[in-house]
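Please keep the sequence and the 3D view open while you read. The points below can be checked one by one.

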Amino acid sequence: MLLNEVAESVGVCMPKLLIVDDESDIREFARKFFLKRKIDVFVASGGRQALEIISSEKPDLILLDVRMEEMNGIEVLRELHKNGNACAKVIMVSGVEDEETIKEANALGVIGYIHKPFILEELEKLVFNQLNR
Amino acid sequence: MSPPKIDYKRELESASKGMILIHDPRLLIKLIVRSLVQKVRIQHAGMILYDPDKDSYVLSISRGTIGERIPEDLIRFNKTNPLIKLFIQKEYKYIFENRNAIVAEDINKLLWKESVISNGNGTKQLLHSVSAQLPKLNAVACVPAYYQHMLLAILLIGEKQDGSRFGQEELDFFSALASDVAMAIRNAQLFEYLKREAERNRNLFIQTTIALGSAIEAKDTYTHGHTERVTKYALAIGRQMEASQAYTFPYKFFENLYIAGLLHDIGKIGVPETILSKQDKLTPEEYEIMKSHTTRGAEILSSLSGFEEVINGVKYHHERYDGRGYPEGLKGEDVPMIAAIIAVADTFDAMTTDRPYRKGMSKDKAILEIKDCINKQFNRKPVDALIDLFHRDEL
């Protein structure tokens, strides 16, 4: 928040990134990682919270975990689609998924898919390419 | 209050002991990493492990304070990653071999080392990349772990809680720990490999046995599917005897029964087809030759070690409980149980399947006839099991 205020005061708008993952270690690591790279980071521990943040903060990009206990990634995508929020840019993050899930995610308009374990620099590139566009 | 001084030698000994006691290397590494964090008082320690299936490296274990530790199995490195490159390419070895580690605060000094400069821009570039990589991994030092020049793991060391630098004694300790870890990983990989090989050999052996079994069927056309059914019945009878506690089977009995079932008529390979497929009554001479398939089968298998029980099944499956069978006229409990079971299964199948010269009888009629032969042709125990299976409609 503080970083954001500083940025706004000097007239720079930092891009907003939302990280959705039900594992707190992953959220915390990703938050710190992107914060250091001058990105305004929001985190959500589940689908419902993610939808709330999406409608209030309108993040430029969302990193969305597929497998989550309460409301998984695909369900979040469906909900976004239903509410006409389909233009939110989403990168899916997942372990080994079946073809079906990938197909549905593509049909619901995700812009990228990254598999765990991933190469850190590839995630970085994917995120920065989207945010600088 | 200064932290208590660590006896590195003792710590190392206890880690080595752990290596012997714990066969799961991941568990061992977790313990080592955790005790590193606690005893050396560092904010974060982690381990990047080689994944032979994907030929890449994964940050698999990480311990430390929240925000410092890195989620496990989230980050992968391929061989072009600067850190991996530094540790696997021989030409860079001189950069870290003095200290057994690459330490973040050394990198600036290294960049001005004559040997690095004379090595050209590539090395400089690599060191810059390594320097940029370390903070992403919350590490200030990295220690490679090799087994026979193969990089199996990298130990990541975070900052000390008191902010002090690492002395060479500490780096040497980390390096020794890392090679213990490499050894543990290598042992576990070898063990896994041997297990897989053994499994593969077993499968190959079973396939060969099945192929051999079907070779008999190709010759003896009367008995199409006979081998397979006898094996199935024999295993069911054995399992039933075990379940009703009628008999205590020795180790690996069912594996042997399976193989013996598949091979029980293997000796028919040595019996002329004219005899095997003759529809009329066999002459006494022909009958003797036919009977010899039991001993011929035993002979075929005699050169295989560990096959004693299987051979018992093959050789004696025409023995009778009253001693009037062949080839040796064994009596009562002297007939090995494996053979007594196959005898019942063999007869039951022969009675219930069609032959060119007669139709097979119904299962209940066959059961009645077999029951009449208890203590004459058959041992009571497998027959009782057969009857139980029949009543439960499992035949």
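Which residues in H17(B) are buried? Point 1 takes this up.

1. This is a predicted model. In H17(B), the buried residues are Lys381(B), Pro382(B), Val383(B), Ala385(B) and Leu386(B).

2. H17(B) covers residues 380-391, which is 12 residues. The expected span is 1.5 Å times one less than the number of residues, so these 12 residues should span 16 Å. The end C-alpha atoms of H17(B) are 17 Å apart, which agrees. Just after H17(B) comes Asp393(B), with a positive phi of about 60°.

3. Now chain A. Its open sheet has five strands, in the order E2-E1-E3-E4-E5. The pairing is parallel. Strand E2 (40-44) and strand E5 (112-115) of chain A are the edge strands, and each pairs on one side only. On average, neighbouring strands of this sheet are turned by 20° against each other, direction ignored.

4. E4(A), residues 90-94, pairs with E5(A) in the parallel sense, over four bridges. Strands of a sheet pair through backbone hydrogen bonds.

5. Which strands does H2(A) lie across? Helix H2 of chain A, residues 24-35, lies across E1 (16-20), E2 and E3 (61-65) of chain A. H2(A) runs at about 170° to E2(A).

6. The contact between the chains comes next. How many residues does each chain give? Chain A gives 11 residues and chain B gives 13 residues. On the side of chain A that touches chain B, H2 and strand E6 (118-119) of chain A are the elements that give two or more residues. H2(A) provides the largest share of that side, five residues. By type, the side of chain A that touches chain B has six nonpolar residues, five charged and no polar.

7. Strand pairing also links the two chains. E6(A) is joined by two bridges to strand E3 of chain B, residues 75-77. These two strands run parallel. Which residue stands opposite Phe118(A) in E3(B)? Ile75(B) does.

Note on methods
Residues numbered from 1 in each chain as written. Chains lettered and ligands numbered in written order. Predicted model: local features only at pLDDT ≥ 70, side-chain atom pairs only at ≥ 80, totals over all residues. Pairing = 2+ DSSP bridges. Axes fitted to C-alpha atoms, helices over the stretch in contact; angles between N-to-C directions. Contact = placed C-beta atoms within 7 Å. Nonpolar A, V, L, I, M, F, W, Y, C, P; charged D, E, K, R; others polar. Buried ≥ 20, exposed ≤ 12 C-beta atoms within 10 Å, placed from the backbone.
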